[in-house]
Amino acid sequence: MQLRERFLQNSLLYTQDLHLIESFWTEIEKRYTEKGRHYHNFNHLENMFSELDKVKDDIENYHIISFSVFYHDVIYDASSKSNEEKSARFSEKHLQQIGAEAGFIEKISQQIMATKFHQKSGDNDTDYLVDADLSVLGQEPENYKDYTQKIRKEYSVYPDFLYNPGRKKVLRHFLESESIFKTEYFKAKYERQARKNILSEIDGL
């Protein structure tokens, strides 16, 4: 299913105002197609949905997690440390306008914030979201290398002597975790390869 169609179907559960839904989609599309988004773009969202569709039956509220996918990187600036906070606020603004209830909106904000540190949340749906966000780490080496090159382009404002230590810190954080992935499904599928990929990237920095 195309991203636009997913967003339309999700939004129609809360409002029949097609003009409003289309205006929100236009905003989202504008954000994810910004110049400089080499990785955090629509391809990333499509990959996340591809992963989550496979475990759909294990997800309690797929509508909530779908909105969280759409909005989790809607604000993305490589030089900012508050992208998730800004993305959460952005989602709240939209969801309030379509008449979503407060608890629903808060849940999405929490899920978006969970993608900041990728910690085990204690909430099954949130853990699936976070794992789908990180699933690129466990791809085959060629695909992982493509991902690292795209991330480097997004951070091109930083020279190697600044980028490399920061990247190593992030990668070592993953390695020091008891497990990179929080759900048994993603752990079994990607954990081993993710650790190999990360170690290989660190060696090359």
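Let's start with Phe67. Phe67 is buried, with a relative accessible area of 1%. One caution before I go on: this is a predicted model.

Now, who is the partner of Phe67? Phe67 pairs with Tyr14. How do we describe such a pair? A pair of aromatic rings is described by the distance of the centres and the angle of the planes. For Tyr14 and Phe67, the centres are 6.3 Å apart and the planes sit at 50 degrees, so we call the pair tilted.

Where do the two rings come from? Tyr14 is in the loop between helix 1 and helix 2, while Phe67 is in helix 4, residues 62-71. So the pair ties together parts that are 53 residues apart in sequence. Tyr14 is partly exposed, at a relative accessible area of 30%.

Next, the wider search. Across the whole structure, 22 aromatic pairs turn up. One of them is Phe7 with Trp25, also tilted: 5.7 Å centre to centre, 40 degrees between the planes. This pair links distant parts of the chain too. Are they buried or exposed? Both Phe7 and Trp25 are buried.

One aromatic cluster includes Phe7, Tyr14, Trp25 and Phe67. Tyr32, Phe42 and Phe104 are also among its members.

Last topic: charges over rings. Look at Tyr32 again. The charged end of Arg37 sits over the ring of Tyr32, 4.9 Å from its centre. Then go to Tyr163. There, the charged end of Arg152 sits over the ring, 4.1 Å from the centre.

Terms used:
Residues numbered from 1 in each chain as written. Predicted model: local features only at pLDDT ≥ 70, side-chain atom pairs only at ≥ 80, totals over all residues. Heavy atoms only, no water. Phe/Tyr/Trp six-rings, centres within 6.5 Å; stacked < 30°, edge-to-face > 60°. Helix = DSSP H or I, 4+ residues; strand = E, 2+ residues; numbered from the N terminus. Buried < 20%, exposed > 50% of the residue type's maximum accessible area, 1.4 Å probe, protein only. Lys NZ or Arg CZ within 6 Å of the ring centre and 35° of its normal.
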